[in-house]
Amino acid sequence: MSGIRRCPSLRRTNAVGALPRLCDVLRVLREEREQCQQELSKDRTGDLGVEQPTPAVCEGLWDNMSCWPSSALGQTVEMECPRFLQMLTSRNGSIFRNCTQGGWSETFPRADLACGVNVNDSSNEKRHEYLLKLKVMYTVGYSSSLVMLLAALSILCAFRRLHCTRNYIHMHLFVSFILRALSNFIKDAVLFSSDDVTHCDAHKVGCKLVMVFFQYCILANYAWLLVEGLYLHTLLVVSFFSERKCLQGFIALGWGSPAVFVASWAVTRHFLEDVGCWDINANASIWWVIRGPVILSILINFILFINILRILMRKLRTQETRGNEVNHYKRLAKSTLLLIPLFGIHYVVFAFSPEDAMEIQLFFELALGSFQGLAVAVLYCFLNGEVQLEVQKKWQQWHLREFTLRPMALNSSFSNGTGGLTHGTKTSTPEPNRSTWRASVI
């Protein structure tokens with residue numbers, strides 16, 4: 001018997017941070033079949049130019065999973081696990097076949113066992129249930145965040161006294177969280193709306209544009225979190241600066257820089273990894289075009305926050321600031337420093353984590369991450385003392401107007417109602433003046 005002939009797959013695909021769709025699995029199978037047919041056609045026509053010492057008894061074969069080359073009698077052929085199984089399990093193994101007098105033997109060991117797929121194991125069903133629960137959680141999280149962010153944005157826009165550079169930055173941060181929530185809903189609607197395989201190749205360009213928009217919203221969200229830290233750091237470090245020019249620079253950083261990185265990622269994907277809907281990041285080096293700027297912004301923010309703490313502690317110890325300024329800095333630092341554990345830390349931790357921690361990573365990024373917008377709206381708007389004061393003033397003005405108009409309306413109806421009963425009566429004339437005087441006092 002001849003030795004083992006190893007025939008590794010020409011290309012491997014390991015999904016990074018995503019689960020493959022049925023369309024992606026079918027696409028991989030189609031690509032593998034077409035590639036196998038080309039290789040077998042070259043082998044039959046002799047285009048490979050390889051001299052075979054013994055005639056091939058077992059002709060090349062595509063068995064709907066793997067491509068087996070033509071082999072001589074007694075030869076054992078080793079193949080890597082099929083690509084679609086690697087996509088499902090993120091594991092690799094080997095399967096074998098012998099070339100016998102009667103042709104190819106059965107595959108051994110079975111492909112599902114060799115590649116880590118246990119058809120009798122209920123773990124896949126449990127994982128599917130876990131992912132469904134995650135989807136429900138992050139749908140609720142993004143929905144509640146969207147409602148609270150829209151309410152907070154409306155409040156900051158409605159009151160002119162709240163229009164300042166600090167609140168303008170908060171507004172942009174709210175918009176970035178709103179876009180992130182909307183992009184998640186759009187992505188789910190496009191990618192997982194239907195399992196009909198007849199539509200796998202339909203709207204491919206639109207699907208890629210949705211993923212580009214999704215990645216842009218994520219980068220913009222982290223960019224505006226960085227702007228929050230930069231603005232607080234600038235307030236504490238720089239004594240005099242133009243807030244208008246500073247805001248223009250922050251807008252360019254928050255909305256412009258993500259566009260540069262996302263455009264670079266889209267061009268790189270188009271030329272080097274134009275696979276599927278761009279929702280699976282198989283090439284880790286290309287994925288770092290998106291992941292790198294996010295981690296960099298988180299690390300810069302972390303360094304800024306440490307320096308902010310140092311400056312605040314020094315100012316409080318030396319008492320070189322007035323009471324109002326200290327309270328102002330405390331409020332800003334308290335709300336902003338809460339963003340350190342809330343945003344970013346888990347991203348850095350899981351960026352270098354093994355694939356075994358994927359379920360935990362999905363829980364932090366999807367389930368808990370979906371409530372980030374809700375937390376930001378509460379911290380920067382609903383718990384803000386200035387916002388509460390303006391809302392209370394508006395409520396008191398409205399309440400006072402209601403009490404002012406109500407006695408006048410009652411008096412008017414009373415006068416109209418009694419006028420016909422006491423024709424020519426003069427004693428009722430002082431009553432409106434008394435009512436008006438009471439209303440003015442209230």
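**Entry 1**

The model I am reading is a predicted one. I looked up what Lys208 pairs with and found a salt bridge to Asp274, with 2.5 Å from N to O. Lys208 sits in helix α6 (residues 204–237), while Asp274 sits in the loop between α7 (243–272) and α8 (284–318), so this pair links parts of the chain 66 residues apart. Asp274 counts as partly exposed, at 37% relative accessibility.

**Entry 2: Cys207 and Cys277**

I then checked Cys207 and noted a disulfide to Cys277, with the sulfur atoms 1.4 Å apart. I recorded -110° about the S-S bond, a left-handed link. Cys207 is buried at 10% relative accessible area, and Cys277 is buried at 3%.

**Entry 3: the other disulfides I looked up**

The count of disulfides comes to 4. One of them joins Cys58 and Cys99, with 2.1 Å between the sulfur atoms. I noted that Cys58 is in strand β2 (residues 56–58) and Cys99 in strand β7 (residues 94–100), so the pair ties together parts 41 residues apart in sequence. This link is right-handed, with 105° about the S-S bond, and both cysteines are buried.

Another runs from Cys81 to Cys115, at 2.0 Å from S to S. Both ends lie in loops: Cys81 between β6 (76–80) and α2, Cys115 between α3 (111–114) and α4 (123–158), and so the pair ties together parts 34 residues apart in sequence. The link is left-handed at -105°. I read 0% relative accessibility for Cys81 and 0% for Cys115, and each counts as buried.

**Entry 4: the salt bridges of Arg83**

I found 7 salt bridges in the structure. Which residues form a network with Arg83? I found Glu31 and Glu32 linked with Arg83 by salt bridges. For Glu31 and Arg83, the closest N and O atoms are 3.8 Å apart. Glu31 is in helix α1 (residues 22–45) and Arg83 in helix α2 (residues 83–89), so the pair ties together parts 52 residues apart in sequence. For Arg83 and Glu32, I noted 3.1 Å from N to O. Glu32 is also in helix α1, 51 residues from Arg83.

Is each member buried or partly exposed? Arg83 and Glu32 are buried, whereas Glu31, at 27% relative accessibility, counts as partly exposed. Arg83 itself has 4% relative accessibility.

**Entry 5: annotated transmembrane regions**

I looked up the UniProt record, an unreviewed entry, which places transmembrane regions at residues 136–156, 168–186, 213–238, 250–268, 288–312, 332–350 and 362–383. I checked two of these ranges in the model. Residues 250–268 are 100% helix, with end C-alpha atoms 27 Å apart. Residues 288–312 are also 100% helix, with end C-alpha atoms 35 Å apart.

Leu312 lies in helix α8 and is buried at 11% relative accessibility. I noted 8.0 Å between the C-alpha atoms of Leu312 and Leu236, which are 76 residues apart in sequence.

**Entry 6: a nonpolar patch**

Last, I found a nonpolar surface patch of Leu182, Ile186, Val190 and Phe213, with about 280 Å² of accessible area together. Helix α5 (residues 165–191) gives the most to this patch, with 3 residues. Phe213 lies in helix α6 and is partly exposed, at 31% relative accessible area.

Technical notes. Residues numbered from 1 in each chain as written. Predicted model: local features only at pLDDT ≥ 70, side-chain atom pairs only at ≥ 80, totals over all residues. Heavy atoms only, no water. UniProt positions renumbered as here; feature names shortened; annotations may be inferred. Helix = DSSP H or I, 4+ residues; strand = E, 2+ residues; numbered from the N terminus. Salt bridge = Lys/Arg side-chain N within 4 Å of Asp/Glu carboxyl O. Buried < 20%, exposed > 50% of the residue type's maximum accessible area, 1.4 Å probe, protein only. Patch = residues over 30% accessible without salt bridge, like charges linked within 9 Å, V, L, I, M, F, W, Y side chains within 5 Å. Areas by Shrake-Rupley, 256 points an atom, 1.4 Å probe, with all protein chains shown as cover. Disulfide = S-S within 2.5 Å.
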